[in-house]
Amino acid sequence: MSIATGSRRPRTGALRRGFTLLELLVVLVVLGLLVSIVGPRYFNQLGKSEAKAAQTQIASIAKALDMYRIDVGRYPTTEQGLAALSTAPPNEAKWRGPYLQKSVPPDPWGRAYVYKSPGEAGEFDLLSYGKDGSPGGTDDNADVHY
């Protein structure tokens, strides 16, 4: 301690703070390994969750279609489409909707659901073409049917 200034001088190396370059590189390598292991699993689950969301939305729309059928006596025609669940089609005296609280949402990939009545597999077909937006496909590109 100096008597004139009244301040202390730290010893050399006693107050050394911060990380060394080697420590930072080790942390970056560990983070890179974690991302390379966890990342693909996360993105794989993301595709599955979109398909599950589409299945859930399709099931909800199908229930609304069933309610429409109970009231009107038939499913909406292909020309009327799914809009008939939210807005009364012209000349439908028995319509008691709306059958959905909101208009029909797009599928998780941003496209409209495909509705056909009469359908190929039953009284109506309701589906999403998946991530690629075209019929058929596998994995994330597979069609989601009712």
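Student: Which residues form one aromatic cluster?
Tutor: Tyr75, Tyr115, Phe124 and Tyr146 do. Keep in mind that this is a predicted model.

Student: How many aromatic pairs does the structure hold?
Tutor: Five. One of them is Tyr68 with Tyr99, an edge-to-face pair. Their centres are 5.6 Å apart, with 70° between the planes.

Student: Where do Tyr68 and Tyr99 sit in the chain?
Tutor: Tyr68 is in helix H1, residues 21-72. Tyr99 is in the loop between H1 and strand S1. They are 31 residues apart, and the pair links distant parts of the chain.

Student: Is Tyr68 buried or exposed?
Tutor: Tyr68 is buried, and so is Tyr99.

Student: Phe124: buried or exposed?
Tutor: Phe124 is buried, with a relative accessible area of 11%. Tyr146 is exposed, at 58%.

Student: New topic. How much space lies in the largest pocket?
Tutor: About 200 Å³.

Student: Which residues line the largest pocket?
Tutor: Phe124 and Tyr146 are among them, including also Lys116, Asp125 and His145. S2 gives the largest share of the lining, three residues.

Student: How do the lining residues divide?
Tutor: Six are nonpolar, two polar and three charged.

Note on methods
Residues are numbered from 1 along each chain as its sequence is written. This is a predicted model: local features need pLDDT of at least 70, side-chain atom pairs count only at pLDDT 80 or more; totals for chains, interfaces and linings use all residues. Side-chain values use heavy atoms; hydrogens and water are left out. Rings of Phe, Tyr and Trp (its six-membered ring) pair if their centres lie within 6.5 Å; planes under 30 degrees apart count as stacked, over 60 as edge-to-face and the rest as tilted. Helices (H or I, at least four residues) and strands (E, at least two) are DSSP runs, numbered from the N terminus. Buried means under 20% relative accessible area, exposed over 50%, partly exposed in between (1.4 Å probe, protein chains only). On a 1 Å grid over the protein atoms alone, a cavity is a set of points where a 1.4 Å probe fits but cannot get out, and a pocket is an open set with protein on both sides within 12 Å along at least five of seven lines; lining residues have an atom within 4 Å of a point. Grid points are joined across faces, edges and corners, and a volume is the space filled by probe spheres set on the points. Ala, Val, Leu, Ile, Met, Phe, Trp, Tyr, Cys and Pro count as nonpolar, Asp, Glu, Lys and Arg as charged, and the others, Gly among them, as polar.
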